[in-house]
Amino acid sequence: MKKVIKSCAGDKEHWTHHSAASACGEVAACLVRVPTAVVTQNMQVGNYNSFGEAISTTYKVSGLRGFYAGYGTTVFREIPFAFIQ
């Protein structure tokens, strides 16, 4: 991603290239992190007895969107941290 951003800027490095690349990485990482957190949190509060039950019930009730509840909020929390990291 950094190479693409750098080539668009005329092959000159700038700190924003690193920040943009890390933000893209965080967006991609959240695609895995958020569904995992949703299932884990629901199991921790006792909503489900097993991992399989948590996944199947979440999908039956809310569809694929149910696994991504809070995705936007998580991304907006992670991107500023990625910028300063």
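This is a predicted model: local features need pLDDT of at least 70, side-chain atom pairs count only at pLDDT 80 or more; totals for chains, interfaces and linings use all residues.
Me: How many nonpolar residues does the contact of H2 with H4 have?
Reply: Ala, Val, Leu, Ile, Met, Phe, Trp, Tyr, Cys and Pro count as nonpolar, Asp, Glu, Lys and Arg as charged, and the others, Gly among them, as polar. Three residues in the contact of H2 with H4 are polar and three are charged. The nonpolar count is 10.

Me: At what angle do the axes of H2 and H4 cross?
Reply: Two packed helices are described by the angle between their axes and the distance between the axes. Axes are lines fitted to C-alpha atoms, for helices over the stretch in contact, with angles from 0 to 180 degrees between N-to-C directions. H2 covers residues 15-44 and H4 residues 71-84; their axes come within 9 Å and cross at roughly 145°.

Me: Is the crossing of H2 and H4 left-handed or right-handed?
Reply: A crossing is left-handed if the near helix is turned anticlockwise from the far one by less than a right angle, and right-handed if clockwise. The crossing of H2 and H4 is right-handed.

Me: Which residues does Val27 contact, leaving aside its neighbours within four places in sequence?
Reply: Val27 lies in helix H2. Val27 and Thr74 are 47 residues apart in sequence but 9.1 Å apart in space, C-alpha to C-alpha. Beyond its sequence neighbours within four places, Val27 is in contact with Tyr71, Val75 and Ile79.

Me: Is Glu78 buried or exposed?
Reply: Glu78 sits in helix H4. Leaving aside neighbours within four places in sequence, Glu78 is in contact with Glu26, Cys30 and Arg33. Buried means under 20% relative accessible area, exposed over 50%, and partly exposed in between (1.4 Å probe, protein chains only). At 14% relative accessibility, Glu78 counts as buried.

Me: What is the relative accessibility of Arg33?
Reply: Arg33 lies in helix H2. Arg33 counts as partly exposed, at 35%.

Me: Which residues form the aromatic pair?
Reply: The structure holds one such pair. Rings of Phe, Tyr and Trp (its six-membered ring) pair if their centres lie within 6.5 Å; planes under 30 degrees apart count as stacked, over 60 as edge-to-face and the rest as tilted. At 6.0 Å centre to centre and 80° between the planes, the pair is edge-to-face and joins Tyr68 and Tyr71.

Me: What is the radius of gyration of the protein?
Reply: The protein has four helices and zero strands. The radius of gyration is taken over C-alpha atoms, and the globule rule is 2.2 Å times the number of residues to the power 0.38. For 85 residues the rule gives 12 Å, and the protein is more spread out than a compact globule because its radius is well over that, at 17 Å.

Methods:
Residues are numbered from 1 along each chain as its sequence is written. Side-chain values use heavy atoms; hydrogens and water are left out. Helices (H or I, at least four residues) and strands (E, at least two) are DSSP runs, numbered from the N terminus. Contact means heavy atoms within 4.5 Å.
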